[in-house]
Amino acid sequence: MGKVTGFLEIERQEARYQPASDRIRHFREFTLPLSDAEVGKQAARCMDCGIPFCHGPQGCPVHNQIPDWNDLIYADDWQEASRNLHSTNNFPEFTGRICPAPCEEACTLNLENIPVAIKTIEQAIGDKAWANGWVVPEPAEHKTGRKVAIVGSGPAGMAAAQQLARVGHEVHVYEREPKAGGLMRYGIPDFKMEKRHIDRRIEQMEAEGVVFHYGVNVGVDMSVDELVAGHDAVLFAGGAEKPRDPQLPGQELEGVHYAMPYLVQQNRRNGFENHVPEATVEASAKHVVVIGGGDTASDCVGTAFRQGAIRVTQLDIRPVPPKIEDKLITWPYWPTKFRTSSSQAEGAEREFAAVTLGIEGKNGRVTGVRCARADAKRQPIPGTEFVIKADLVFIALGFSGPVFEGLVEQSGVALDKRGNVLADDENYVTSNPKVFAAGDMRRGQSLVVWAIREGRQAARAIDVFLTGATTLPR
């Protein structure tokens with residue numbers, strides 16, 4: 001794969017970033033892409049490793065044929081590389097930007113901490129495909145006469161809709177928000193992925209016959225019974241939006257917010273949407289504390305800096321992880337190790353092993369966050385308490401599952417012990433044989449790439465349900 005001796009001769013190189021002092025002045029993407037020649041060199045590093053864990057279950061949920069398209073890029077056949085990549089991933093320009101790249105952790109060269117720059121190459125292929133007009137609508141030649149409803153237009157719903165439309169089903173996507181994309185549009189900041197990438201995919205899908213119904217909250221504006229009765233199959237792909245509630249003392253104080261509404265509000269502003277239902281939350285000239293150590297917390301950090309925060313502190317209950325993991329224990333799986341996101345690198349102060357005890361305030365408004373150091377069981381150590389000044393606090397502790405009220409409650413489908421919609425990962429069917437579920441609504445909060453995989457697989461299951469056979473891949 002690639003150049004036989006490439007991994008010995010060529011150093012790993014990733015796409016570069018604008019300096020932090022420049023990028024925090026705007027909300028646009030700040031990655032500086034590699035040239036075609038540089039991407040070709042990085043593809044040449046893909047070695048003939050025998051068992052390519054990068055596209056196995058440990059590496060890539062959609063099973064991208066990474067060695068194959070690396071070899072095609074090395075041979076300068078970008079168009080065939082694009083065809084190969086799109087055969088497993090409907091939206092490589094999304095994952096090339098926002099996937100954390102478990103494929104790189106599973107790369108054989110990661111045993112030496114120099115994995116192939118797979119994510120950088122994937123984004124380059126996706127962007128070149130659009131730039132050269134290789135991404136075009138692929139409408140079905142024959143219609144099946146079957147009608148499918150998809151609730152939710154995030155990555156799972158989009159992937160399922162595109163797959164089902166391409167095999168001839170009439171697909172209707174019902175979206176609560178004014179635009180499609182789910183949390184890719186409203187949760188992920190523009191500096192990580194500009195929304196024009198979603199817009200052009202929606203245009204492609206509409207040309208393939210997918211019909212989008214915006215501003216329709218199924219279970220509120222439209223009953224679930226009405227939806228199910230009007231379609232031959234229904235897919236729930238509404239995501240996991242219920243935030244984990246830490247029930248902290250002082251959580252009710254003014255200036256304390258859950259992370260996602262804050263990110264959604266800024267994305268609405270960036271998208272020039274007139275309807276912003278929440279009261280304005282701005283970090284300008286404020287001391288900001290973000291509770292949580294995940295991607296959503298990091299997105300709050302980057303957004304706060306762009307709004308002009310004086311200081312941003314991120315609290316993580318976990319101890320400082322090792323800078324380099326023990327490969328013999330973790331490889332090829334995703335390891336716990338010290339990582340610094342682009343947002344954290346913009347100047348965040350990070351407190352590890354920090355238990356949040358409560359939020360302090362004065363006259364009904366937050367003034368600080370009370371913490372203590374955590375022991376090995378993540379319990380507070382007596383005598384280690386400290387207070388961090390805060391004018392604004394964001395709670396970013398993840399999501400506990402889908403919102404129950406409305407769609408899930410009305411549907412009456414069975415739930416698993418975590419509150420997710422119960423469906424297996426073979427047939428994706430719920431306790432209602434006409435209703436399917438995929439993405440975060442089924443598996444719990446996860447990655448965009450997992451949502452794409454589940455959307456594709458659910459589409460296959462629905463096609464089998466409707467026609468008895470399918471040509472769609474698993």
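**Entry 1: ground rules**

I count a residue as buried under 20% relative accessible area, as exposed over 50%, and as partly exposed in between. I need that cut-off for Glu 241, which at 30% relative accessibility counts as partly exposed. The model I am reading is predicted.

**Entry 2: salt bridges**

I stayed with Glu 241 and looked for its partner. Glu 241 forms a salt bridge with Arg 176, and the closest N and O atoms are 2.8 Å apart. Glu 241 lies in the loop between S6 and strand S7 (242-243), while Arg 176 lies in the loop between S4 and helix H10 (183-186), so the pair ties together parts that are 65 residues apart in sequence. Arg 176 has 38% relative accessibility and counts as partly exposed too.

Next I looked up Arg 201. Its salt bridge goes to Glu 93, with the closest N and O atoms 2.6 Å apart. Arg 201 sits in helix H11 and Glu 93 in helix H6, 108 residues apart. Is Arg 201 buried or exposed? Arg 201 is buried, with a relative accessible area of 1%. Glu 93 is at 0% relative accessibility and counts as buried.

Then I checked Asp 36. The side chains of Asp 36 and Lys 128 meet in a salt bridge of 2.8 Å, N to O. This pair also links distant parts of the chain: Asp 36 is in helix H3 (residues 36-44) and Lys 128 in helix H8 (residues 118-131), 92 residues apart. Asp 36, at 41% relative accessibility, counts as partly exposed.

How many salt bridges are there by this rule? The count comes to 32. I also noted a network: salt bridges that share partners join Glu 105, Glu 325, Lys 327, Lys 337 and Arg 339.

**Entry 3: nonpolar cores**

In soluble globular proteins, nonpolar side chains tend to be buried together. I went looking for such groups here. The largest nonpolar core has 43 residues. Among those with the most contacts inside it are Ile 150, Val 171, Met 184 and Ile 462. Helices H6 (92-98), H9 (155-166), H11 (196-207) and H18 (448-467) each give two or more residues to this core.

I picked Met 184 and listed its contacts, leaving aside neighbours within four places in sequence. Met 184 is in contact with Phe 94, Ile 98, Gly 154, Pro 155, Met 158, Met 193, Lys 195, Ile 198 and Val 448. I also found a second, separate core of 23 residues, which includes Tyr 186, Val 288, Phe 305 and Phe 399.

**Entry 4: strand S15**

I turned to strand S15 (residues 392-395) and asked which of its residues are buried. Leu 392 and Phe 394 on one side are buried, and so are Val 393 and Ile 395 on the other. Both faces of S15 are covered. In a regular strand the side chains alternate between the two faces of the sheet.

S15 runs parallel to strand S8 (residues 256-258), and 3 bridges join them. Tyr 258 stands opposite Ile 395 in S15. Strand S9 (residues 287-291) pairs with S15 in the parallel sense over 4 bridges. There, Val 290 stands opposite Phe 394.

**Entry 5: a three-stranded sheet**

I traced an open sheet of 3 strands in the order S12-S13-S14, with antiparallel pairing. Strands S12 (354-362) and S14 (386-389) stand at the edges with a single partner strand each, so one side of each is left without a neighbour in the sheet. On average, neighbouring strands of this sheet are turned by 30° against each other, direction ignored. S12 pairs with S13 (residues 365-373) over 8 bridges. The bridge partner of Gly 361 in S13 is Val 366.

I ended with backbone angles. A cis peptide bond joins Trp 331 and Pro 332, with omega about 5°. Pro 332 is in the loop between helix H15 (327-330) and strand S11 (349-351).

Ala 353 is not a glycine, yet its phi is positive, near 50°. Ala 353 lies in the loop between S11 and S12 and is buried, with a relative accessible area of 18%. Asn 113 also has a positive phi, about 65°. Asn 113 is placed in the loop between helix H7 (102-106) and H8 and is partly exposed at 37%.

Notes
Residues numbered from 1 in each chain as written. Predicted model: local features only at pLDDT ≥ 70, side-chain atom pairs only at ≥ 80, totals over all residues. Heavy atoms only, no water. Core = buried A, V, L, I, M, F, W, Y, C linked by side-chain atoms within 4.5 Å. Buried < 20%, exposed > 50% of the residue type's maximum accessible area, 1.4 Å probe, protein only. Contact = heavy atoms within 4.5 Å. Pairing = 2+ DSSP bridges. Axes fitted to C-alpha atoms, helices over the stretch in contact; angles between N-to-C directions. Salt bridge = Lys/Arg side-chain N within 4 Å of Asp/Glu carboxyl O.
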